[in-house]
Every structure is written in C-alpha cells, then in structure tokens.
Amino acid sequence: MVLFLNQLINGLGTGAIYALIALGYTMVYGIVKLINFAHGDIMMVGSYTAVLLMVNVGVPFPIALMASMFVCVFFGVLIERVAYKPLRDAPRICSLITAIGVSYLLQNSAQLLFSANPKPFPPVFSVAPITFGGVSISFVTLVTVLVSVLLMVGLNLFVMKSRTGKAMRAVSEDMGAAKLMGINVNMTISTTFAIGCALAGIGAFLYCIAYPSVAPTMGAMPGLKAFIAAVLGGIGILPGAMLGGFIMGVAESLTKGFVSTQLSDAVVYGILIVVLLFKPSGLLGKAQREKV
Amino acid sequence: MMNRKLKSYILNLSAIAILFVIISSLIDSGAINKYYSGILIMIGINVIMTVSLNLTTGFLGELALGHAGFMSVGAFTAGIITKQLSASLGWDAAACLPISLLAGGILAAVMGFLIGVPALRLKGDYLAIITLGFGEILRVIIQNMQITGGASGISRIPRVNNFPITYFIMIAVIVIMFTLGRSRHGRAILSIRENAVAAESTGISVTRYKIFAFTFAAFFAGIAGGLYAHQIGRVSAATFDFNKSIEYLVMVVLGGMGSITGSIIAAAVLTLLPELLREFADYRMLLYSIMLILMMLFRPKGLMGTAEFSLTFVWDRLTGFYKRATKPRPLREHAVTMPDVPNYELAAGAPVLETKNLGIRFGGLQAAENVNLHVNDHEIVGLIGPNGAGKTTVFNMLTGVYLPTEGDIQLLGRSITGKKTYEIVAHGIARTFQNIRLFKSMTVLENIKVAFHTRMHYTPVSGIFRLPKYTREERGIDLRARELLRVFNMEESAETRADGLPYGQQRKLEICRALATNPKVLLLDEPAAGMNPIETRELMETIGIIRNRFNVAVLLIEHDMKLVMGICERIYVLNYGRIIAEGSPSDIRNNPEVIRAYLGHSDRDTKPVKEGEANGNA
Amino acid sequence: MAMLEVKDLHVYYGAIHALHGVSFTVDKGEIVTLIGANGAGKTSILHAISRLIPAKSGTITFDGHPLGALDAYKLVDMGLSQVPEGRRIFAQMTVLENLEMGAYTRRDKGELQSDLDMVFSHFPRLKERVKQLAGTLSGGEQQMLATGRALMSHPTLLMMDEPSMGLSPILVEEIFAIIRDINKEGTTILLVEQNAHMALSIANRAYVLETGNIVMEGEAGKLLNDDKVKSAYLGT
C-alpha cells in the first residue's frame, strides 16, 4: 500500500510534466493539424539553455528558467515559420516527415555542440521531503504538480476567456472563417507555437529538477510519451492532454514499481494502442467523419 | 521483329547477369576486398528494406514508422533457427539459410498481419503513431525475452551470408515488386493511395489490400533482417530501433515515394556515403535531417518521383529502334480472357433498383426520410432538389458509404442494405462523384483498368510470376478498356495522366471508369458540375450512348435543368430529405411545390408555367 | 464612384477556369444580387473578393482601394464583411463568443454591448440563446448567428453567400426581411443566391451568372419577370 501510494505520487509528478509538454503538442495539432515531432527536442533545447546558464555562467535559477522559456519560444516560432508554414497546404505526410527531420536536426546539432555525454543538472531545491506513514512526497514533486496544475488552469482560462485564446479556438475550427473575422491567422498560429513551447520550457526545467541530467537525446522519450498522452486524451483537446499526461505518468510509475522497469515503455505504448483501437479519437475526443 | 516483352526480359536478365559476373569476379579476384564487399552486401540488404517500405509508404501511401521492427523479427528468428539447427541437428549452417530466412520472413509477415489488422483501420497521423508504437513494443519485448538473449541479444550466428546470396535475393525482391506493381493487385494498391474512396467505389476492398501490402512489406523486411543476422553474426534489439526505421524512411523519401528505381538508388547512395565519409560520421544524422527538411520543402517527390527506369527504353533510344516503333501483334491472335460479364437476372417488369422507406438519421438530424424510389431497366431517372436536400446522402446510402437507419435497398430484387461498398459494386451498382475522384497520377487507361478488378480472378502469385492466367486476363482488360475509351472518343488519351485531361474529359473518364465495372445501375452525382454549355451538350450525348450501348439504368443527380429535363424520362424531386414530387419532366416543371422549392416565392401561391407562355407571375 | 468594383476577374481552381472575366459594380446603399445555378461560380467571386482565394487576373476595388494582394484579415477593418456559404459558425464556441469574434478587430470593449444590442434587435432569438454552443443551434438560428456575427464589425459592405440554403421557406422570408432592414439602416449588401425569386424580390440590381460568366444584368424587378431567368433555372 505504501509502495502504491509512493509510486502514485511519483507518477503524478512525472505525469504533470508529461501533461505540460502534451499541452504543447495538442495546441499545435489543434490549430494546424500537425504532429510536431520536434516538440520534445525543443524541451531539450530549453534544458541545455538552463544548464549552461546555471553552470557555466552562474545565473540564478529563476533567470535561467526565464531564459529557458525564451529560447524554447524562439526556436519554436522560428521552426514554424521556416519549416512548417510552407507546407501548410501540402499532403500531411510531408509535414510529418519534415517534423521528424527537425527533431533529428535539433538532436544532432546538440550532440555536435555539446557532445553526447550527459551533463548534470545542478540541484535547485534542497528541501526535505514531506513524509507521513512511510509515504514520502518530495518537495520537487510537490512543486511540479502545483506549478503544472496552476499553469494548466491558467492556460485553460486564457484559451477560454481571452481575446487571443478565442482567436486560437476560432482558427482551430475554421481557418477561413477566422480570416473573415479579421483574425491574423499566421500570427495566431505563431502565438500558439510560442505558448506551447513556453510550457515545454517550464516542463523541461521541472523535468531536469526531477531527473537531473541533460543529454541531446533527452527530449525524445518524454516527448514521445507526452505525445502519446495527448493522443490518449484526444489530440487537439486541452483537458485531454492534461488527463492523458497524468494517466501516462501514473501508469508508467506503477508499472515500474509493480511489474518491471524495462517493460514500462511497452506498457505505455500498449495503453496507447488499446485506446486508439477502441476510441481512435482519444478519451475525450470526438469522432471525425470524412465528407464523401 | 522481336516481341517487346521478350526483348525486355532478355535485356533485363542480361543486365542482371552481367552485373553479377562483374562484381563477383572482382570480389573473387580480391580487387574488391572484404570491407567493400561487405558494403555491397549491406547495400543489397538496405535495398530490400527500402523497396519493401516503399510498398507501404510509397505505393500504398501510408506512413509506417515501425519497419525496423519487422527486420528485427526476421533477424532474430533466422539467427535463432540457424544456430539451433546447426548446433542441435548438426546441419551445415549454409544449408539452414533458406529455411531460416523463410521462417524469418514468415514470422515478420505474421507480425505485420497482426499489427496491420488493427492499425490499418486508422489513417494518416494515427496510423504513423500506432506503427511507431508497435515497433517500439516489439523492440521492448525482444529485449526482455530469454530466447532472444535479453538485452544483449544473440551472437555467434554463423556468418554464412555472401554476395551471390544477397544479390539474387535482392534481385528477386525487386522483380517481385515490379511485377506486383504491374499486376491488378499493384494497381489496386496504387488506387488506394490516389483516392481511397474512389478505389472502394470501383470494387476494391481497401482494408484487405492495405493489410496485404503491409504484410507483404513486412515479409521482405524479415528476409532482409535474416540476411543481416547472417552477415554481421550478432543482433541486438537496440539496433532495430526508431532511428533505424527513420533511416529507411529517409531512403524511401529521397528516392521518391512510389519509385522502386528511386529506392534502389537512394539505398545505395545512403549506404555508401556514410562509409565513404567515415570521418564525418558525427555529421551523418545531421545531414540526413537537413536533407529530409530540404527535400520536403523543395522537392517532396524525391529523386525519381514515381518514375521508373526502364532498360528497354534506354536500349531503344541508344540503338535507334525508338524511331521504328515495333507494332504490337494484334492481341486477338493470342489467347485472351475477357473480364467477367455478370449475368443480371431480372424479373419482367420489376425495377432494377428500388428503395423502400429509406431513411437516415445523423444524431439529431433526420437527413433523409421515407425515400421511396425505383429505377427500371434502361431508364434514365433524375434526382433533383435544392442544395442540402439530401441527394448525395441518398447516393451514399445506395452505395454503402452510409448505413441507412431505416428502410431497405433492393438491387435486382435482392437486398443490399448494409453491404460494403466494394461488394455493392460487384453486385452491379457503379457511381461517380460530385467532386471528381480520379486516380490522378495514373494514366487514363490505368484508371479504367482498376475498375475491372472485381471482374478478374488471377491471384497475386499469378501476377508476380506472370502465369498464363495473368497474361490472358490482362490482355482481356486491355482490349476492353480501349474499346470503352473508343466509345467515348478518348482512345488517343489512353496514355495521358488523368490529371492532365481537361475538366470535361475528366468527367467523361470518371463515367467511363464506372462503366468498366459492368454495372446494371449507374449513379451519376452532378456530372455536369463545372461544365460549360458545350461540354454539357456533349455529356447529354454521352449519357444517351451509355443507355443504349451498355444495357444500364441511370440515376442522376443534377442541378443543370437543361440536362435533366433534356434526358431524364422520370424525375424525383427531393427537399429536406423527403421526396416531394415524382413524374415526367413536364410534370415536374409545372409542379407548384417544385417551383416553390427551387425558385422560392414571396407569395403563397405560384401559378404553373405552361411551355412557351410568357409569364407575368410574381 | 462605386463602393465595390470588380473588373475582368479570372479565378482558377488548379486547372479549372472557374471565373471567365467577371465584371460588376455595387453602389453605396444598394442591394445587388448575383444569381445563378449551382456551380456557376458565385461563391468563387465572394472568396476572391474576401481574398480567401487568389485571383489569376482582374482588379477588385473597394471604396477606391485596390484589394490586390491584401491579406484577407485586413478587409474587416476596411469595412468589408462576409457571411460565408454554409454559415461557418464556430460550432464549439457559444453564441456570444461567435458574436465576439465578429467584433474581433474592434478594440473598444465598451462598444461591444451596444453592438450586441444592435444584433439582438435584428435577431431576438439569439439573445435567448447567448450561452448555447453554436453547433447546437438549428439551421435558421445558425444563419442568424452568422449574419449577426458579420454585422458586429459594422461593415459598410456586407456580402452574403446563399443565406437561404437549407432553410425552410418561412425562415427564408424572415431572413430576407431582416436583410432588407439591415440595408435600410445603411449597410450596402452584395447578395449571392441560388433562390432567384427571393433575391430578386429584395434587390435593386441583379447579375445572372452561368458557368463563370455574367450572362444577364439589370434591375431586379425586371429580371424577376424575365422568362430567360426562369428557363435558366428550370430548363425549356
């Protein structure tokens, strides 16, 4: 029981990070119907920014966090303009392949610049974990879950209530009609990418606090899992990404605790496959009908 | 003058043999050392992988991201079997190879089937993700099984592979891909890529062919894996990860999705290049990624697009034979099997097509209700109504695209409600679409040939090995297809790409293709849409010809009233999903409800219009 | 000077030549209607004016400004608004949010309420359904919403694409009466319609489109009784 609760709590912590990254995937997919394979690698870019600033330059962590977010946003918007925008009307397979290309580009550039050896991430907090009855909640997990939930709530409010947020929703539904409203669609899409990447930047930071090691390929696995989380919850649907993220984190953690560490990846993919087969549009998604 | 086909066979066989002899002797003499012969063998293996992935991603048009997983299954299976057979039964390792390779291929194919059946229900992005997921699952499972050696994999596999073995297997795979591509099964697969909805409506079971392509591709990936295992001598699951799948994807994309020649070239280049640029090994993946991006932005078709290299063509050009075109022997001299002509039995006076209280509800919306219509043999019947009345919905129900929630559809007296589209085509209904759905990058002739699919019988094996049944049936449909085109005055365009035709011709082609399935009922959905008056007049003539020559009944949806009133014998008027009128053109024209539905009104009554009478009605 | 002037407009969809040099004008305060059968190219004209699709050649001038290569989203600020074919309301957003989207370019939030009141005065039914998801509205209500949404930006020229589509005759009459009111309040209207009778009964002038060409033009009242229009629709 104690093990279960501990694993559950760990799972919520990882899940929160997956959820943050998943939000970026789902927002981008919702608006341009593109799976941004490079999203996890943007997270890696943010991590490197943070680590280099804190270790090599000695910058305090709040500033490193800001810088991390800024760099992620910069890369995200740049990539969108250069690699994705020209392909907006092309067949989907082309944008998928381009996204894969961008992902590899980021990974290999990082490898060349910083070597494949992992760099340690400096400790940020040194607060003792809270324990009761054998169950321990680390400060990091607590902060992670809190920050993530706050951000998610904030994002939801933003998308539902703000002028830009509504514009984003309008563009996701019908790009042409949105243009007729006077909405600058290109700017809206860039903003979406920016927000998604900013969240990835924060997610990166929290991830590094929990798993303090930065390597060029670090973004691949969490990116993939976050992506699966987004699909699981229903891609394009914000609450779906949050739900999916937490489910993924908990499933992974419980598998690691009760089954085996090696199989945790397989379990995670297995969940995805089962969901896609029975509800292709995801847990919270709606079925799409092709017009004949 | 030599038969073209024979010439092509001889040329290609000679080229293959000559190439083999050259390379083999270079290897035997030591001019090509072990290192380079190893590279040549890897090229062969990679060609097999790329060409098989091209079947799924290029020919079928579905992005599959777990191809390396099948290679893995093949590699492990083959490696384990060879080791077991040679260790426990004392067999000579080289003799085990055929068995191991075959077993590897078969097991990979089984995996392909098991994965394909659920996965291929999804499309596009989702399919890509799910194949990625399955590929990773395979990897994880293999890494955790005892029999596959766990995380460290298997080693000390007898390295019995060599250049001749790899070369000939590679050639076999290439040839099979070519012959499959040129058979009716290959056409079916291509048509799915071009337009899956149209493919289904021409009688092709899209699901079955997707699974077939996927499984077939997996089989060859398994064989490639087996070759790999016996080349390198050890395998571990980590080698066949997502990165490896991407490497093959890059080869397919670079060569051109849909071109076997392109895949061969790309595989060769991308195997050779990293070896030659060993010092730049660090930059290899970087270059790949940039290349992928640049290709998609500037040349998504890749090196070859969908074109193939033809040795015969080059030879003809070089030897000047090109100018003196070889006249093909009149086909009638050869044995020919014509496509089936179904025997449509119809009770006298009974309608060929009839709906009884047909209706459909989408969620809260009743899109059609109580639709009772019938079409008699040889009739031309019109289905008209304002925009949004539900006409295409009715067509979609008649062709199995939608499942009606109420009522029944009877074709030749038998119920077809609930049957799948491709089955309904076989039973005798063909249709065209509001937005033209041609197989754009296929030629006019090929578009027609796809439609003969349901009326043909030869198996994939027959197609691949060019058995007599294949030759006879292909000749048959070639004859029939050209006949059809002649009826429509389109024979000269036979070799033109479908998307190169002017709009009016494209419409005609769609109708021609529908007729190739030998239907009893032809459904035309707004055939005159987007046509100018001249084209419309031509269309009217065409429909007249169809009714007379082809023993079919025609049901057509149209907005162009000149057309409808000009050729329809009876007309149904649909509004808000219900039939509001039925009768002859003059009945309909004077029907006040119809006038109201179409022209609108501002008063409650509208006086009927008599022909030729000037009208001051408001 | 005409408010809207379209000269020699050619539009292609891929290889298909959809508009063959269409020319027409709309003067301030008018209701001008473009009628014609389905597939005649009416929607293509509106899409080209709104810059949703590019024109191959020809000029479009609005209020003296050439629309040339402008981005679509700039037109709303210029006073040009469209109620698109099929309504294209944002189904996942509420009625209120849809209307807010109509007023997207207007910065002063204070005016929003008076804009809403203006729309509700034309479409009282919308006021009752303010919080409802637009996708759950009936066809007629969606048409009202789409029209109201376009009015939120106080356009000087309102373009409407087949407002009668899929609506029952009674609703069509209601909508058209409201269109007349909107015009009386000062908005110029360019109306594209398949329902010739209704369109001709409220318009000042009309153009008849047939497969990408204007084949007739004149005063709406005269065309209403013209046999040629009737035969174009119902055949001879």
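1. Basis of the description. Residues are numbered from 1 along each chain as its sequence is written, while chains are lettered from A and ligands numbered from 1 in the order in which they are written. Since the model is predicted, local features need pLDDT of at least 70 and side-chain atom pairs count only at pLDDT 80 or more, whereas totals for chains, interfaces and linings use all residues.

2. Chain A. There are 11 helices and 4 strands in chain A, where helices (H or I, at least four residues) and strands (E, at least two) are DSSP runs numbered from the N terminus. The radius of gyration of chain A is 19 Å, close to the 19 Å that the globule rule gives for 292 residues, so chain A is as compact as a globular protein of that length; the radius is taken over C-alpha atoms, and the rule is 2.2 Å times the number of residues to the power 0.38. The C-alpha trace of chain A spans about 60 × 45 × 35 Å along its principal axes. Of the 292 residues of chain A, 55% count as buried, a residue being buried if 20 or more other C-beta atoms lie within 10 Å of its own, exposed if 12 or fewer, and partly exposed in between, with C-beta atoms placed from the backbone. Among the contacts in chain A with a separation of 6 or more, 75% are accounted for by residues 24 or more positions apart, and two residues are in contact if their C-beta atoms, placed from the backbone, lie within 7 Å.

3. Chain B. Chain B has 23 helices and 11 strands, and its C-alpha atoms fill a box of roughly 95 × 60 × 50 Å, taken along the principal axes. Of the 618 residues of chain B, 50% count as buried.

4. Chain B against chain A. In this interface, 33 residues of chain B are in contact with 32 residues of chain A. On the side of chain B that touches chain A, α5 (124–143), α10 (242–255) and α12 (281–298) of chain B each supply at least two residues, and α5(B) gives the most, with 13 residues. That side of chain B divides into 24 nonpolar, 6 polar and 3 charged residues, where Ala, Val, Leu, Ile, Met, Phe, Trp, Tyr, Cys and Pro count as nonpolar, Asp, Glu, Lys and Arg as charged, and the others, Gly among them, as polar.

5. Chain C against chain A. Here 20 residues of chain C are in contact with 15 residues of chain A. Both α2 (75–78) and α3 (95–102) of chain C supply at least two residues each to the side of chain C that touches chain A, and the largest share, 4 residues, comes from α3(C). The residues on that side of chain C divide into 10 nonpolar, 6 polar and 4 charged.

6. A helix pair in chain A. The axes of helix α1 (residues 2–32) and helix α8 (residues 185–210) of chain A come within 9 Å and cross at roughly 165°; axes are lines fitted to C-alpha atoms, for helices over the stretch in contact, and angles run from 0 to 180 degrees between N-to-C directions. That angle makes α1(A) roughly antiparallel to α8(A), given that angles under 35 degrees count as roughly parallel, over 145 as roughly antiparallel, 65 to 115 as roughly perpendicular and the rest as oblique. The residues of the contact of α1(A) with α8(A) divide into 18 nonpolar, 5 polar and no charged.

7. A helix pair in chain B. The axes of helix α2 (residues 34–59) and helix α11 (residues 260–276) of chain B come within 8 Å and cross at roughly 140°, which makes α2(B) oblique to α11(B). By class, the contact of α2(B) with α11(B) has 11 nonpolar, 5 polar and 1 charged residues; among them are B:Ile39 and B:Met42 in α2(B), and B:Leu272 and B:Glu275 in α11(B).

8. Two backbone angles to check. B:Asn357 has a positive phi of about 50° although it is not a glycine; B:Asn357 is found in strand β1 (residues 353–362) of chain B and, with 12 C-beta neighbours inside 10 Å, counts as exposed. Phi of C:Asp63 is near 55°, again a positive value in a residue other than glycine. C:Asp63 lies in the loop between β4 (57–62) and β5 (65–66) of chain C, and with 16 C-beta neighbours inside 10 Å C:Asp63 counts as partly exposed.
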